[in-house]
Amino acid sequence: MKEKLIVANWKMNSDFTKAEAWVGSFLSKSSSKLNVFENVTAVVCPPNIMIDEISANVLEYSFEKVDADLTKKGKNSDDITQIELAKNVDKYRVIKIGAQNCHSEKEGAYTGDVSAKMVAEIGCEYVIIGHSERRKYHYETNETVGNKIKAVVAQEMTPILCVGESKEVRDSAKYINFVIKQLKSCVPLDVKIENLVIAYEPIWAIGTGLVPTAEEISEMVSVVKKVCDGVFSKNVKSYSILYGGSVNVKNSPEILAVEDLDGLLIGNVSLNATDFFSICSLASL
Ligand code: PGA
């Protein structure tokens, strides 16, 4: 069974106090149910400024767990090799960290921006690229998105590329061609991509409470799959397909049951640690 990827996109929400409580709550729930995450990778994408602290909290939790395990066996961390220690710590990293964006250039005069290297250095393994809100409010084009994917891949992180049509495009019945074109224009063919995550997020479903039917999601999953297996087959080694847009605890099982869908990208509902944890648990069933 392929692992499910469940991604929390906090957008520009939360604050340091709420973020600490969120992480504390998620970790304490995980504590008693570690096997829940056997088939699930959970990722949280907070605002950049909170990433460092969240990464540190998650790491501290992992070390505490490893220490507790070793103490039970009458050992301590000096009794095991660095490789064993790293493996054990990784086992307890129940949530991975991602950024919501980064710049395409390595460095330079880009006031207010952060590079892919910077987010990698503070513990990010994923970066959301080309979210419709970045395209709308920051005028990101498919070309910019492609360059950002290259920057993320160069730092050995996994890009989560967002694609999806507007209400007008959906109504014009040209949405399939629109998404195919968006995919082809965003994913660079001249770089090897170890892992690509593609999130199908119809703009009309984001934050609106409107959700496509399972058949509609399935139709787009097949379209994305076809493009990945065809055009991207030479440069993309493995890929996962997510759905995003008004996902909640109640509708998640039906969406997750869509064939070939590998996970979810969750905005609003992911701000609630209990709900996000419940969706991760449902995904592991
Ligand atoms: P939503 O957002 O779950 O609040 O609809 C999803 C997203 O924008 O990634």
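Which polar backbone atom is 2.7 Å from an oxygen atom of the ligand? That atom belongs to G207, and the views below show what else is around. This is a predicted model, in which local features need pLDDT of at least 70, side-chain atom pairs count only at pLDDT 80 or more, and totals for chains, interfaces and linings use all residues. Residues are numbered from 1 along each chain as its sequence is written, and side-chain values use heavy atoms, with hydrogens and water left out.

**View 1. Here is the ligand with its neighbours.** Of the 13 residues around the ligand, K11, H131, E201, G207 and S246 come nearest (near means that a heavy atom of the residue lies within 4 Å). The side chain of H131 has an N or O atom 2.7 Å from a ligand oxygen.

**View 2. Eight strands make a closed barrel.** The order is β1-β2-β3-β4-β5-β6-β7-β8, with parallel pairing. Strands here are DSSP E runs of at least two residues, helices are H or I runs of at least four, and both are numbered from the N terminus. Two strands pair if DSSP finds at least two bridges between them. Take β7 (residues 236–244) and β8 (residues 263–266), which pair over three bridges; G244 stands opposite L265 in β8.

**View 3. S270 sits in the loop between β8 and α11.** Is S270 buried or exposed? It's buried, with a relative accessible area of 0% (buried is under 20%, exposed over 50%, partly exposed in between, using a 1.4 Å probe and protein chains only). Its side chain reaches the backbone oxygen of I266 at 3.1 Å, and a polar atom of that side chain lies 2.6 Å from the backbone oxygen of G267. S270 also touches A8, N9, W10, W22 and F276, not counting residues up to four places away in sequence (touching means heavy atoms within 4.5 Å).

**View 4. Now for the largest nonpolar core.** This core has 74 residues, and I6, F26 and F276 have the most contacts inside it. Such a core is a set of buried Ala, Val, Leu, Ile, Met, Phe, Trp, Tyr and Cys residues joined through side-chain atoms within 4.5 Å.

How values were computed. Polar contact = N/O pair within 3.5 Å; in protein donor to acceptor, adjacent residues only side chain to side chain.
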